[in-house]
Amino acid sequence: VIMIPASISPATIGLLLLLFFAKNPVGKLINDLLLFVNDVKGIIIAQFVIGIPVGISYFTALFSTIPRSYDESALTMGFKHVEILYRLLTPMIKEYIVAGYILVFTRVLGDFGASFIVGGGILGKTVTLPVFMYIVNQIGDLALLSISIILYVSSILIIMLVTHHVEKLWGFK
């Protein structure tokens with residue numbers, strides 16, 4: 001069930017979320033209280049739904065590579081499950097955890113469909129960079145489109161640079 005959003009287009013996920021918040025009585029009540037549709041909070045929910053399958057599949061595969069003998073040994077020494085996670089397993093794979101967060105972040109950073117549909121693409125309020133590039137392309141302003149593409153690529157390069165410096169700072173391989 002968690003992996004279903006990975007096989008559905010982001011625009012369809014946005015439409016499903018919009019239908020939930022606009023037509024479903026429970027979703028409508030939630031939206032009336034918290035205002036998700038045409039708001040940044042809706043974009044965050046949409047991007048969470050888009051990113052969660054990527055994160056779960058990555059982290060499930062990552063933690064399955066750790067031999068169970070570590071867990072079993074720690075349990076016999078009196079560690080609790082949460083202690084095993086934070087004191088034993090996390091330090092062993094910290095660089096891969098950071099890589100997983102970056103993988104999920106870059107996946108949702110490039111989302112257009114769900115963000116546009118749930119957020120509404122309201123200039124100055126709910127426009128993400130991919131949505132902005134779409135709007136500028138529709139207007140036909142090639143200079144502004146070029147600048148936004150440069151900003152988009154620059155943001156990816158900045159993420160890569162920050163990741164590299166964090167890796168060096170934290171002593172990753």
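Select methionine 160: this residue is exposed, at a relative accessible area of 53%. Exposed stands for over 50% relative accessible area, buried for under 20%, and partly exposed for what lies in between (1.4 Å probe, protein chains only). Methionine 160 sits in helix 10, residues 142–170. Helices here are DSSP runs of H or I with at least four residues, numbered from the N terminus. The model is predicted: local features need pLDDT of at least 70, side-chain atom pairs count only at pLDDT 80 or more, and totals for chains, interfaces and linings use all residues. Numbering starts from 1 along each chain as its sequence is written, and side-chain values use heavy atoms, leaving out hydrogens and water.

Next, go to threonine 126, in the loop between helix 8 (113–119) and helix 9 (129–139). Threonine 126 is buried, with a relative accessible area of 2%. A polar atom of its side chain lies 2.7 Å from the backbone oxygen of glycine 119. Not counting residues up to four places away in sequence, threonine 126 touches Asn38, Asp39, Val40, Ile43, Gly119, Gly120 and Gly121; contact means heavy atoms within 4.5 Å.

Move on to valine 131 in helix 9. Valine 131 is buried, with 0% relative accessibility. Outside four places in sequence, its contacts are Phe112, Phe116 and Gly121.

Now select Ile13, Leu17, Phe21, Phe36, Ala46, Ile50, Val108, Ala114 and Val118, the 9 residues of the largest nonpolar core. Helix 2 (10–23), helix 4 (40–64) and helix 8 each supply at least two of its residues, and helix 2 gives the largest share, 3 residues. A nonpolar core is a set of buried Ala, Val, Leu, Ile, Met, Phe, Trp, Tyr and Cys residues joined through side-chain atoms within 4.5 Å. Within this selection, centre on alanine 46, which touches Leu17, Ala114, Ser115 and Val118, leaving out residues up to four places away in sequence.

Last stop: a second, separate core of 8 residues, among them Ile66, Ala74, Leu89 and Ile93.

Terms used:
A polar contact is a pair of N or O atoms within 3.5 Å; within protein, one must be able to donate a hydrogen and the other to accept it, and residues adjacent in sequence count only if both atoms are side-chain atoms.
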